[in-house]
Amino acid sequence: MTLRVPLELTGLTKRFETQAGPFVAVDNVNARIGQGEFVCILGHSGCGKSTVLSIVAGLQPATLGGVVIDGKQVDTPGSDRAVVFQTPCLLPWLTARQNVLLAMKQAPSRRSDPKATPEHYLELVGVADCAAQLPGALSLGTQQCVSLARALSVEPRFLLLDEPFSTLDSLTRFDLQDTLLQVWERDRKTVLMVTHDVDEALYLADRLILMTDGPAATVGEIFTVPFPRPRERTAVLEHPDYYACHQRVLDFLKHHAHQSKVYVSA
Ligand SMILES: Nc1ncnc2c1ncn2[C@@H]1O[C@H](COP(=O)(O)OP(=O)(O)O)[C@@H](O)[C@H]1O
Ligand SMILES: [Mg+2]
């Protein structure tokens, strides 16, 4: 059986025009992401992970190449893709429920169940009891859950996550990783998640796209995570191959660290 490949990055290149001259952030990134796959993009800070994700989201254009969904080049945002950023970005004057409702109203046609309520999506990520609260009254972790509920509420085909847990303390981060895994195991959306946390990537992903360091960062290696699903944290950590996988990814990152940034001519 051939794997359906709804999302492709083809020769994706991004050059920024800076005061110091043109700067190629990412160069010729190629990857194929299968239906229902959970893929993590892993790399050092500043290597271009967010740039790639934002181009997939249609928030900025590629300079060359780009993103192909179902065989068509895509360069604008769409309700088929929902993004969760590093910081929650909720509207502070709306309650958790109203934040989710606003997103639902903007993408009504995608919903399989027209009667689904904001509470349904808040419940999916375990924060339904916070529906009436303003974001300012919620912890950062709960706000990030509401952001995830908001992203899920448009029933996207692709969930794009940009280091969504990196600002959280480790216990909250573990909790939210578990929540995300449960949600994903339930409906198997295609997930593209940026992280620089090796343990997080190994716990969550089917495959890791390992990025070389910038400038002109590109895909250095694509690594298949061998742990069986459904996953449970202790079982993953105790898997006989865990240490070797972890070490291999760390070795890649060490090998690609500390290259100095240079500006290149166009
Ligand atoms: N708008 C921009 N103008 C100029 N350079 C940018 C811009 N956005 C990002 N960059 C640069 O591109 C590189 C990749 O950034 P980014 O995608 O945010 O990295 P990461 O998410 O991996 O930390 C960095 O060197 C960053 O400084
Ligand atoms: Mg980033």
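**Ligand shell, domains and helix packing**

Strand 1 (7-18), strand 2 (21-33) and helix 1 (49-57) each contribute at least two residues to the shell around ligand 1, where helices (H or I, at least four residues) and strands (E, at least two) are DSSP runs numbered from the N terminus. This is a predicted model, in which local features need pLDDT of at least 70 and side-chain atom pairs count only at pLDDT 80 or more, while totals for chains, interfaces and linings use all residues. Residues are numbered from 1 along each chain as its sequence is written, and chains are lettered from A and ligands numbered from 1 in the order in which they are written.

Helix 1 gives the largest share of the shell around ligand 1, namely three residues. Phe16, Ala25, Lys49, Ser50 and Thr51 come nearest among the 13 residues around the ligand, a residue being near a molecule if its C-beta atom, placed from the backbone, lies within 6 Å of it. By class, the shell holds four nonpolar, eight polar and one charged residues; here Ala, Val, Leu, Ile, Met, Phe, Trp, Tyr, Cys and Pro count as nonpolar, Asp, Glu, Lys and Arg as charged, and the others, Gly among them, as polar.

The protein is divided into domain 1 (1-74 + 157-266) and domain 2 (81-156), with bounds that come from an automatic or database domain assignment. Taken over C-alpha atoms, the centres of domain 1 and domain 2 are separated by 24 Å. In all, 21 residues of domain 1 are in contact with 18 residues of domain 2, contact meaning that the C-beta atoms of two residues, placed from the backbone, lie within 7 Å. On the side of domain 1 that touches domain 2, two or more residues come from each of helix 1, strand 7 (158-162) and helix 5 (170-187), and helix 5 gives the most, with six residues. That side divides into eleven nonpolar, five polar and five charged residues.

The axes of helix 4 (residues 140-153) and helix 5 come within 10 Å and cross at roughly 15°; axes are lines fitted to C-alpha atoms, for helices over the stretch in contact, and angles run from 0 to 180 degrees between N-to-C directions. Helix 4 is therefore roughly parallel to helix 5, since angles under 35 degrees count as roughly parallel. The contact involves Gly141, Gln144, Cys145, Leu148 and Leu152 of helix 4, together with Thr172, Asp175, Leu176, Thr179, Leu180 and Val183 of helix 5.

Terms used:
Angles under 35 degrees count as roughly parallel, over 145 as roughly antiparallel, 65 to 115 as roughly perpendicular and the rest as oblique.
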